[in-house]
Amino acid sequence: GEVWYEVTKRSYSNTGIKLSRDELLRLPTVLIQLRAYDEFPDPSIPPESTTGLVGPKLDPSSPHDVLLAIPATHYMEYSPSKDLYTSRLYFTESRGGVIGANAMQGHDVLFDWENGRVGFAESSCEFKEGENMIDPITGKVIDAGEVGENRNCVLGRPSLTYECRESVTVDDCLDDPNKNVAGFEKWTSVVLSSGTSSGMSCEDALMNNWAEEEKPEVSCDGSGLCFELRPCEVSCAEVMTGESGKAPLTPASPTEGGDICEDGLWGACDHTCEQSKIASTLMSDGLCHEVDELRQTRDCHIDACGRLDPCRVPFVVHAIIALRGGKAPLWNRRAEEVLADALAKTVDSEEADPGNEVLFGAGDVKVLLATSWYKSDLVGAEGVGEEDEEIGMKIVVEISIFNANAKFPEIVDVEQEEEEEEENMLSMEEEDADSNTTFLEKF
């Protein structure tokens, strides 16, 4: 309490206060000592040199206890609208304290529900040179410059939505039926990963594929789709007859690398909390043509969308699903979508909970990891030799539990209210001045 009073000049409370950055950093770091789970700790982990353990200098009797550090930048919550910091450390809870999200920041936290314990380790987002990181969307090695905050938007292969002759009308050819008229082709790409604000935007990613003099008009609709309008020319004869004079297009065989066109899988959850999918077919002209009736859009509340909407997404749940006999190397995006759809339908079914409200949809399920499941992973597994037996696969999912009936609180803009009060005061002063002028004119 002494350091708090020295910095803030007031007793500790959970009311908002104004602080400079320097004052914030001068506030004390809170240390919480958590009792070690193991009565006989692993002797290969030296407490005196292991980050996150109490060590023999601080507590000789319990050197293997975990030391959880919570700096002021984590427990002081900042409100941009009010320009105030509020402490989220509460010492008046009737049922004891809760280690919440503020304490978890800057840590990797493992909830070992099978053994009734929880583990903490300081997290690091640093990219170590020489390490290969694989993008789960593209399957390619991620460049060091794109790790963390500098992730670029990733788009699927463009599909032809409509051809050049569909962008012009017969009226464009009335003056000369033998001429060529300018039009455009519309191409659609699915957003596979929105990237980050400091990385390349989806519009820039589209433009990056073209030379300066050839750049088309591009746009993205915020629901996971981006579009290109590519300039083209078409003969009036083709416009008026609807026939190009070329052989009719037929579906082509997939390339040796597999189907190169969009196969109807959902894209990324975009900033509007929507995601889309399209399906296209490789035709004999070598282009992917979109199948119009297969385009779909649905709501989603994962990734940044869920974190930016706390009123509608009050909880994010992580679950581990074990599939005996499953093969992790065969897991792919289509399998992820089947799992997400089945999980949402099962949890929200009438049989599971008659009369229940929908907790989440398939667009609220994100698969974080799919890995092999070994016999040694089983609770109480004994007699596992050097060659551990693979018995299936484990899937880690993140589920956003949303509340569709949430009423959003009114956002109060303190600065705007102050400006309006000042304007009202000026208006009243002007009215008073006008009244005085009128009074003087009468006399």
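Which residues make a nonpolar surface patch of about 290 Å²? The patch is made by Val170, Leu174 and Met240. This is a predicted model, in which local features need pLDDT of at least 70 and side-chain atom pairs count only at pLDDT 80 or more, whereas totals for chains, interfaces and linings use all residues. Residues are numbered from 1 along each chain as its sequence is written, and side-chain values use heavy atoms, with hydrogens and water left out.

**The chain as a whole**

- The chain has 443 residues, of which buried residues make up 28%; buried means under 20% relative accessible area, exposed means over 50%, and partly exposed lies in between (1.4 Å probe, protein chains only).
- Its secondary structure comes to 10 helices and 18 strands, where helices (H or I, at least four residues) and strands (E, at least two) are DSSP runs numbered from the N terminus.
- Among contacts with a separation of 6 or more, 63% join residues 24 or more positions apart, a contact being heavy atoms within 4.5 Å.

**Confidence**

- The average pLDDT of the chain is 78, and 77% of the residues score at least 70; pLDDT is the predictor's confidence in each residue, from 0 to 100.
- Over residues 126-142 the pLDDT stays under 50, and the model has 21 contacts beyond four places in sequence for them.
- Residues 144-148 also have a pLDDT below 50, with 8 contacts in the model beyond near neighbours in sequence.
- Where pLDDT is low, the predicted coordinates should not be read in detail.

**The surface patch**

- One member, Leu174, is found in the loop between β8 (159-162) and β9 (180-193), and Leu174 is exposed because its relative accessible area is 60%.

**Nonpolar cores**

- A nonpolar core is a set of buried Ala, Val, Leu, Ile, Met, Phe, Trp, Tyr and Cys residues joined through side-chain atoms within 4.5 Å.
- In the largest core, of 16 residues, Leu19, Leu24, Leu27, Ala72, Tyr75 and Met76 touch the most other members.
- At least two residues of this core come from each of α1 (2-8), β2 (66-70) and α4 (72-75).
- Another core, of 13 residues, lies apart from it and includes Ala328, Met393, Ile395 and Ile401.

**Individual residues in loops**

- Ser123, in the loop between β6 (117-122) and β7 (154-155), touches Gly106, His107 and Asp108, leaving aside residues up to four places away in sequence.
- The C-alpha atoms of Ser123 and Gly106 are separated by 5.4 Å, although the two residues are 17 residues apart along the chain.
- Lys9 lies in the loop between α1 and α2 (21-26), and its phi is near 65°, a positive value in a residue other than glycine.
- Cys273, in the loop between α7 (236-241) and β12 (274-277), has a phi near 65°, a positive value in a residue other than glycine.
- Lys9 is exposed, with a relative accessible area of 60%, whereas Cys273 is buried, at 16%.

Notes: Patch = residues over 30% accessible without salt bridge, like charges linked within 9 Å, V, L, I, M, F, W, Y side chains within 5 Å. Areas by Shrake-Rupley, 256 points an atom, 1.4 Å probe, with all protein chains shown as cover. Salt bridge = Lys/Arg side-chain N within 4 Å of Asp/Glu carboxyl O.
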